[in-house]
Amino acid sequence: MTVSDKAYSLTHSQKTLTAALAASPASSPGDLVKTLYAEHHKKPVSSVGYLETFMGVLQHGNDNETQRLGIPPGEPTQTDLDRAAECGDFGSRPSDLFLKIYCDVLATLDTNPWAGVVSPPLLGSRGVVNLSIISVIPDIIQHHYDCIVRAESEVFLATNFWQASKSASKICDALLELSRRAMKRGKKVVVKMMYDRANLKMLMESHVLVDDAEIASDEVKLPKRSDMPGIDFELVNFHQPVFGTFHCKFMIVDRKVALLNSNNIQDRPNMEMMIHLEGPIVDSLYDTALISWFRPMRPPLPLLNTRYRPPEGGYNFGMDNDYATTRILDGRKGAELFKTLQQEAGGIHDRDLDKEGREDPASSGSLPAGVPFISGTYQTITEHLNAGDQPDTHATISYEPPASSRDEYTPHILHTHHGECPMVLVNRAPNGNPGNAASGLHNAQDAAWLAGLKYAQRKIFIQSPTLNAVPVVGGILDAVRRGIECTLYIDVGFNDGGEALPGQGGTNEEVSKTMFAQLSDEEKEKLKLYWYTGKDQIKPINASAQKRNCHVKLMIIDDSVGIVGNGNQDTQSWYHSQEVNVMVDNPIVCQEWFDGIRRNQNTHLHELEKDGIYRDKHGNPLTDSTGVGSGFRGVVKGIQGSIARVRGKGGF
């Protein structure tokens, strides 16, 4: 697998979309994209409207050429790895495993310079993961709030779905507070926001500028522009008909920090995942944001000319980070640190009050018996999980304080202090066309996932709400047959209606049985499949009950390379949706992610048997299955679910 001269040239180019837009800030990023790497394009790009242009730029290349690429055969040589190491701003040489996967990602540039939905020189970069949150949506939205209100110049916020809700109200509060602070400073902040609320206008124009009427509508309920005088606000609604969902969920503040998360801005009973990134990788995400926006910006982002600059004195972790608040503190150590910070601050302050404005129990400095410290306050695990919009769900197991702090329920992962590590943006562009053509796999995301499965030497871990895409199912089975241990944490019943539609791959329960049926008894021992189980539950609950669901999207290869972000392991994410993910080369961070998942879930206690069916300790299967399959009933349910999603009553 050789890194081509074309890929090498593209990644060493001096041109990026960000730089081009900085030189011509009134231009449309989409127009600039069409000509930026014109010498590498295989055919002219259409220029008739935003829909056609976006499709043309991000999906050109002929079928023969993409079929020729396929999954790159063989394994890269040491010479190939050396050449790949030169194709990114990594700071230090990445691991061989990371470079092998990167070789396959680079191969996608041979068909399309924009296969990674980022300027090729920014594809490979570096950065740090200061904080990860594996928790309910309110915790992640709280960190969004804490970052937004600290913005000084600009914010770019992207979400797949925005729905008037408690989560959306918290973001609205952040925008209002940001406006207040900006007015006090006498300098406006520019805020750009994107979401996907598909409508008929997108048949003619896929990037629709949202007007005041929609902003104020009952479904959206964003603040009026007149209520945010300190903010210059623009909002774009983007969807590429028919199936090209804008599934991205990320935020960039002042080109200093990027948040990449699994959740939409709505209320759902989900366990989710967010990572807080700093370093030059922020500029890569910034470039992706500009490509996604596509339209002229009015006004332009003020920091187009300002590249990422590391904090003076180095990167800060834990409570030393500029965006940290006591809401990220968990467990006994968190309670002790909270008390210390409170004493240093001279007593109670705003963050010591509970939701009703009363003094927080943490202020007493004593640990209530049997009640853990979570998200900056004392609360039960069930209370914390129920904050994700299911207040009537009850625990089915009793809480017992763990003997070791390493086993505590701590949804905020304050990562060990580390230097910059190699990272690659592994994104995919939207594809609205029906069907699952092989050419739809030729993008950075799918190439990275397939390469991870192909090059793993020992083990693979995947957590995803759904798993049914033909390439990932085949890749896992191939890995198992090579002797690789594959551990899958999947959510039983998640989006069964949609997954049962023709061409979508089937429900999680269908796929689990099919996978085991294709393996020998010896091979089955290497496939370990678990249904997601909430930390306060004695067994899995079908996702259709909307009580304890999981929406985390993570792959870890050989305990050392992690891929995290927006993409699910389903047909929609593999072939159609626009996704943003980052690949990280850091075994310590990967271990902390895995440990966090194990601490904050009971999934590891609930493995399916080797026929692909879950049974409890008494031999009883789950009784709350939806029963939805891929037949006629499944089609009907799927259509109903798809309509509900468009109306904002579903989610993925």
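Helices (H or I, at least four residues) and strands (E, at least two) are DSSP runs, numbered from the N terminus. By this convention the chain has 21 helices and 19 strands. This is a predicted model, in which local features need pLDDT of at least 70 and side-chain atom pairs count only at pLDDT 80 or more, while totals for chains, interfaces and linings use all residues. Residues are numbered from 1 along each chain as its sequence is written, and side-chain values use heavy atoms, with hydrogens and water left out.

**Overall picture**

- Of the 652 residues of the chain, 62% count as buried, where buried means under 20% relative accessible area, exposed over 50%, and partly exposed in between (1.4 Å probe, protein chains only).
- Contact means heavy atoms within 4.5 Å. Among contacts between residues at least 6 apart in sequence, 79% join residues at least 24 apart.

**Nonpolar cores**

- A nonpolar core is a set of buried Ala, Val, Leu, Ile, Met, Phe, Trp, Tyr and Cys residues joined through side-chain atoms within 4.5 Å.
- In soluble globular proteins, nonpolar side chains tend to be buried together.
- The largest such core holds 134 residues, and those with the most contacts inside it are Leu467, Ile476, Val582 and Trp593.
- Ile476 touches Leu453, Ile462, Leu467, Cys486, Leu488, Met515 and Leu527, when residues up to four places away in sequence are not counted.
- A second, separate core has 41 residues, including Ile133, Ile148, Ile215 and Met274.

**Cysteines**

- Zero disulfides are found in a search of the whole structure, a disulfide being a pair of cysteine sulfur atoms within 2.5 Å.
- Cys147 counts as buried because its relative accessibility is 0%.
- Cys172 likewise counts as buried, at 8% relative accessibility.

- Two packed helices are described by the angle between their axes and the distance between the axes.
- Axes are lines fitted to C-alpha atoms, for helices over the stretch in contact, and angles run from 0 to 180 degrees between N-to-C directions.
- The axes of helix 7 (residues 96-107) and helix 14 (residues 444-455) come within 8 Å and cross at roughly 140°.
- Helix 7 is therefore oblique to helix 14: angles under 35 degrees count as roughly parallel, over 145 as roughly antiparallel, 65 to 115 as roughly perpendicular and the rest as oblique.
- The crossing of helix 7 and helix 14 is right-handed. A crossing is left-handed if the near helix is turned anticlockwise from the far one by less than a right angle, and right-handed if clockwise.
- On the helix 7 side, Leu97, Lys100, Ile101, Asp104 and Val105 take part, meeting Ala444, Ala447, Ala448, Ala451, Gly452, Lys454 and Tyr455 in helix 14.

**Backbone features in loops**

- A cis peptide bond runs from Pro241 to Val242, with omega near 5°; Val242 is found in the loop between strand 5 (231-238) and strand 6 (250-253).
- The peptide bond from Arg298 to Pro299 is also cis, with omega near 0°, and Pro299 is placed in the loop between helix 11 (281-293) and helix 12 (331-344).
- Ser375 is not a glycine, yet has a positive phi of about 55°. Ser375 lies in the loop between strand 9 (373-374) and strand 10 (377-378) and is buried, with a relative accessible area of 6%.
- Asp559, in the loop between strand 17 (554-557) and strand 18 (561-565), has a positive phi near 60°. Asp559 is partly exposed, with a relative accessible area of 27%.
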